[in-house]
Amino acid sequence: MKASNQMSDDNSLTSGGNPGSGAGAAVQEALPKVAEPPKYAVLLHNDDYTTMEFVVEVLTTDFSKPSEEAMALMLKVHEVGKAVAGIYSFDIAETKVAIVTEKARKAGFPLKLTLEKM
């Protein structure tokens with residue numbers, strides 16, 4: 001007889017149980033926490049051929065940077081040698097690199113973008 005009571009208790013937990021009983025909360029607490037996926041920085045690298053205007057255009061159109069921030073990042077790339085254009089999940093970062101690299105090649109620029117795990 002005790003086993004059937006346990007079974008009905010289990011069913012109330014899985015079906016949500018009584019809204020005020022807190023049974024659903026006990027089930028929620030027992031679930032394992034899922035870790036955040038790793039993030040990747042998309043880096044722009046300096047070269048002697050890609051124009052500053054093209055880099056600013058890429059930063060504003062493909063990385064959604066405001067004009068002032070795009071200009072500051074472009075100058076950082078020019079002066080330091082590289083700068084972070086954005087931080088994304090792997091799939092998005094990889095896609096950004098592919099799209100911008102293709103755009104640069106079509107425009108005749110050797111702009112280099114890389115990924116760096118955060």
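1. The expected span of a helix is 1.5 Å times one less than its number of residues. Helices (H or I, at least four residues) and strands (E, at least two) are DSSP runs, numbered from the N terminus.

2. The model is a predicted one, in which local features need pLDDT of at least 70 and side-chain atom pairs count only at pLDDT 80 or more, whereas totals for chains, interfaces and linings use all residues. Residues are numbered from 1 along each chain as its sequence is written, and side-chain values use heavy atoms, with hydrogens and water left out.

3. On confidence: pLDDT is the predictor's confidence in each residue, from 0 to 100. The chain has an average pLDDT of 85, and 75% of the residues score at least 70. Over residues 7-15 the pLDDT stays under 50, and for this stretch the model has 3 contacts (heavy atoms within 4.5 Å) beyond four places in sequence.

4. On the overall arrangement: the chain contains 5 helices and 3 strands, which run α-α-β-α-α-β-α-β from the N terminus on. Among contacts between residues at least 6 apart in sequence, 71% join residues at least 24 apart. The accessible surface (Shrake-Rupley method, 1.4 Å probe; for residues, only the protein chains shown count as cover) comes to about 8100 Å², and 57% of it belongs to carbon and sulfur atoms. Of the 118 residues, 27% count as buried; buried means under 20% relative accessible area, exposed over 50%, and partly exposed in between (1.4 Å probe, protein chains only).

5. On the core: a nonpolar core is a set of buried Ala, Val, Leu, Ile, Met, Phe, Trp, Tyr and Cys residues joined through side-chain atoms within 4.5 Å. The largest such core has 23 residues, and V42, L44, L59, F63, L111 and L113 have the most contacts inside it. Two or more residues come from each of strand 1, helix 3, helix 4 (67-80), strand 2 and helix 5. Helix 3 gives the most, with 5 residues. Leaving aside residues up to four places away in sequence, F63 touches V42, V58, A85, G86, Y88, K96, V100 and L113.

6. On helix 3: its buried residues are F54, V55, V56, V58 and L59. They pack against strand 1, helix 4, strand 2 and helix 5.

7. On helix 4: A70, L73, M74 and V77 are buried. Viewed down the axis of helix 4, these buried residues fall within an arc of 100 degrees, so they line one face of the helix; the arc is that of the directions from the helix axis to the C-beta atoms. On the other side of helix 4, E68, E79 and V80 are exposed. The cover over its buried residues includes strand 1, helix 3 and strand 2. Just after helix 4, G81 has a positive phi of about 110 degrees.

8. On helix 5 (residues 90-106): its 17 residues should span 24 Å at 1.5 Å a residue, and its end C-alpha atoms are 24 Å apart, which agrees. A93, V97, V100 and A104 are buried in this helix. Seen down the axis of helix 5, the buried residues fall within an arc of 80 degrees, so they line one face. An α-helix has 3.6 residues a turn, so residues three or four places apart point the same way. D91 and K106 are exposed on the other side of helix 5. The buried residues pack against strand 1 (39-45), helix 3 (52-61), strand 2 (82-89) and strand 3 (112-117). G108, which follows helix 5, has a positive phi near 85 degrees.

9. On S64: this residue has its place in the loop between helix 3 and helix 4. Its phi is positive, about 55 degrees, although S64 is not a glycine. Most residues other than glycine have a negative phi. S64 counts as exposed, at 62% relative accessibility.

10. On two partly exposed residues: T51, in the loop between strand 1 and helix 3, has a relative accessible area of 31% and is therefore partly exposed. T51 and L111 are 60 residues apart in sequence and 9.3 Å apart in space, C-alpha to C-alpha. V84, in strand 2, is partly exposed with a relative accessible area of 36%. Not counting residues up to four places away in sequence, V84 touches A41, V42, L43 and L73.
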